[in-house]
Amino acid sequence: MKTIKSKRALAFDAKRAARFEARGVRVDNITGATVGLLGKADASCTLCDHAILWQYVLHLSMEGKTTETFEPVGSSCIQSWADSLPHSEAQAAILAALKLAVEEANVIKARFRAINALVKREKLAEVQGRALVAFYSGPPSIRDNIFLADVAYKAVDNGGFVGRQWETWERALDRAFVAFDSRDEIRAFIARAQAAIDSGRVEASPRGDTLLDILGKLEKFDAFYSDRQKSFFIALLEEAEALEVEPTQDEFAFGANTTDYDEKELPL
Ligand SMILES: [Zn+2]
């Protein structure tokens with residue numbers, strides 16, 4: 001039996017189809033997919049403009065090993081699109097990934113109910129309840145922070161924060177949100193450091209190893225540990241960027257045989 005769709009649903013289907021087509025996504029070139037839960041906030045679905053609250057990200061693997069990413073997307077949008085696909089391994093992968101991400105959202109909804117109940121019973125102050133809701137609504141980089149997750153879990157499960165836990169946790173949560181908001185800045189620093197590595201300046205820098213060490217952490221955590229670490233990293237980066245280095249092999253090859261090369265000013 002064919003499902004009868006409302007005009008409204010058909011309009012969403014048409015928009016979604018157009019957006020997929022614009023990015024070269026067709027039924028016959030999808031090889032797989034992953035779906036992740038981004039977080040909870042007012043937004044509109046990037047595939048159909050429908051207002052959504054729970055935001056998901058859809059990564060589609062395509063033939064030719066490229067990936068197309070759509071975010072934020074609503075779960076029902078992914079569901080109705082995936083349902084309409086021909087039965088295939090790709091369809092099964094999309095539906096399975098969506099199911100996992102929706103289950104994650106359901107676990108969070110249960111946490112919200114527990115938090116509300118604790119606020120009502122005055123086991124949590126309202127400000128604490130709001131902070132916990134903000135934490136569980138946050139992006140994966142915040143929700144997956146081991147310290148934040150561990151303390152939040154215990155606070156909800158044991159009926160409140162204990163001792164100095166609340167103050168420490170609230171400060172760490174603030175830092176995590178600040179770090180999340182500064183992602184673009186972090187990416188720019190990583191790109192600058194990469195350019196300094198490519199030009200050989202980091203290797204030539206006396207404190208290049210320290211720079212690489214902090215860069216590794218920056219790439220891993222997407223955030224500086226502290227303002228002090230940030231200023232230190234900038235100082236190391238500027239120190240490396242200011243170095244005059246010999247041109248790399250490729251640039252060098254051209255002038256390598258000229259006798260007066262050493263007298264020439266080396267290109268920066
Ligand atoms: Zn949608």
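T34 stands opposite H59 of β2. This is a predicted model, where local features need pLDDT of at least 70, side-chain atom pairs count only at pLDDT 80 or more, and totals for chains, interfaces and linings use all residues. Residues are numbered from 1 along each chain as its sequence is written, and side-chain values use heavy atoms, with hydrogens and water left out.

Let's look at the sheet itself. It is open, with three strands in the order β1-β2-β3 and antiparallel pairing (two strands pair if DSSP finds at least two bridges between them; strands are DSSP runs of E with at least two residues, helices are runs of H or I with at least four, and both are numbered from the N terminus). β1 (30-44) and β3 (67-73) sit at the edges with a single partner strand each, so one side of each has no neighbour in the sheet. From one strand to the next, the twist averages 15°. Eleven bridges hold β1 and β2 together in the antiparallel sense, while β2 (residues 51-62) and β3 are joined by five.

Contact here means heavy atoms within 4.5 Å, and axes are lines fitted to C-alpha atoms, for helices over the stretch in contact, with angles from 0 to 180 degrees between N-to-C directions. Back in the hairpin of β1 and β2, there are six residues between the strands, and D49 takes a positive phi near 70°.

R16 lies in helix α1 (residues 7-22). Its relative accessibility is 6%, so R16 counts as buried (buried is under 20% relative accessible area, exposed is over 50%, and partly exposed is in between, using a 1.4 Å probe and protein chains only). Leaving aside residues up to four places away in sequence, R16 touches L47, C77, S80 and W81.

Now for the aromatics: the whole structure has eleven aromatic pairs. In one of them, F20 and W81 have ring centres 4.7 Å apart and planes at 40°, so the pair is tilted. F20 belongs to helix α1 and W81 to helix α2, so to speak linking distant parts of the chain, 61 residues apart. Rings of Phe, Tyr and Trp (its six-membered ring) pair if their centres lie within 6.5 Å, and planes under 30 degrees apart count as stacked, over 60 as edge-to-face and the rest as tilted. F20 is buried at 3% relative accessible area, and W81 is buried at 8%.

## An aromatic cluster

Elsewhere, F135, Y136, F161, W166 and W169 form one aromatic cluster.

## Helix α8 and its buried face

Helix α8 (residues 183-198) has 16 residues and reaches 22 Å from first C-alpha to last, close to the 22 Å expected at 1.5 Å a residue; the expected span is 1.5 Å times one less than the number of residues. Its buried residues are I186, F189, I190, A193 and A196. Seen down the axis of α8, they fall within an arc of 120°, so they line one face of the helix. The arc is that of the directions from the helix axis to the C-beta atoms.

What covers those buried residues includes α9 (201-204), α10 (208-221) and α11 (227-241). On the other side of α8, D184 and D198 are exposed. After α8 comes G200, with a positive phi near 85°.
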